[in-house]
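Subject: Structure handover, salt bridges

Hello,

Here is the structure for you to look through.

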Amino acid sequence: MRASARFASDLKLAAGELCLDFANTVEWHASDAPQERLKDYASLVAWSREVGVVDDAGERRLRREAARHPAQAGRAWRQAIAVREMLYRVFVALIHGRPVDAKDLGRLNRTLSDTLGHLRVEHEGDGLEWRWVGSPQDLQQMLWPIVHSAADLLTSDRRARLGQCADDRGCGWLFLDTSKNRSRRWCDMGDCGNRAKARRHYQRSRRREADV
């Protein structure tokens, strides 16, 4: 599990929404050779702890439960990957002005129906707050806040700020563009943005040389 935790911790977590960070757990998602970062249930749990979806006690509990029921853990991991890919397709369709596939929308609503069944308003101090409730051993519990995050984003004005890295190699990274003029184009200016800047500089230099 330690190796999985280190593996998950070097992922970029600056998409602006929990559901987008989850969608970004594949590198080069829009390329012909995507690279899976959540390769098993252990890495899914490690990522969930990294982003705060589960706490230390929850991580230990899920690890123990997965060790006791490896087949169930495998099914939970496959379900999480299927949900992630569905969300990614929905986000990309909206970003590029395409209709959301009816099958994806149906799956989103079925997953959301199960998710909302775990959401309660409960006392917290002198007030009330939203709280996730269910069996502490539920191996899919990390999906509840992720799916809720996605539904909240998709039905809010923030949806118009969804963006995708413009890198032509297929980076595919999703983000919420919070810039004032909605000008963000890259996952990270120090990564794909710098590559594009260097390429433009090279092309300008070649043109100037050709004009001499």
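The notes below cover how to read the model and then its salt bridges.

This is a predicted model, in which local features need pLDDT of at least 70, side-chain atom pairs count only at pLDDT 80 or more, and totals for chains, interfaces and linings use all residues. Residues are numbered from 1 along each chain as its sequence is written, and side-chain values use heavy atoms, with hydrogens and water left out.

The structure holds 12 salt bridges (a side-chain nitrogen of Lys or Arg within 4 Å of a carboxyl oxygen of Asp or Glu). One of them joins Glu-27 and Arg-37, at 2.6 Å from N to O. Glu-27 is in strand β1 (residues 26-27) and Arg-37 is in the loop between β2 (35-36) and α3 (41-51), so this pair ties together parts 10 residues apart in sequence. Helices (H or I, at least four residues) and strands (E, at least two) are DSSP runs, numbered from the N terminus.

Burial is given as relative accessible area: buried is under 20%, exposed over 50%, and partly exposed in between (1.4 Å probe, protein chains only). Arg-37 is buried at 8%, while Glu-27 is partly exposed at 31%.

A second pair, Glu-65 and Arg-68, has its closest N and O atoms 3.4 Å apart. Both residues lie in helix α4 (residues 56-68), 3 residues apart, or about one turn of the helix. Glu-65 is buried at 10%, and Arg-68 is exposed at 54%.

Arg-84 also bridges to Glu-85, with 2.9 Å between the closest N and O atoms. Arg-84 is buried at 2%; Glu-85 is partly exposed at 23%.

Finally, salt bridges link Glu-122, Glu-124, Glu-129 and Arg-131 in a network.

Regards
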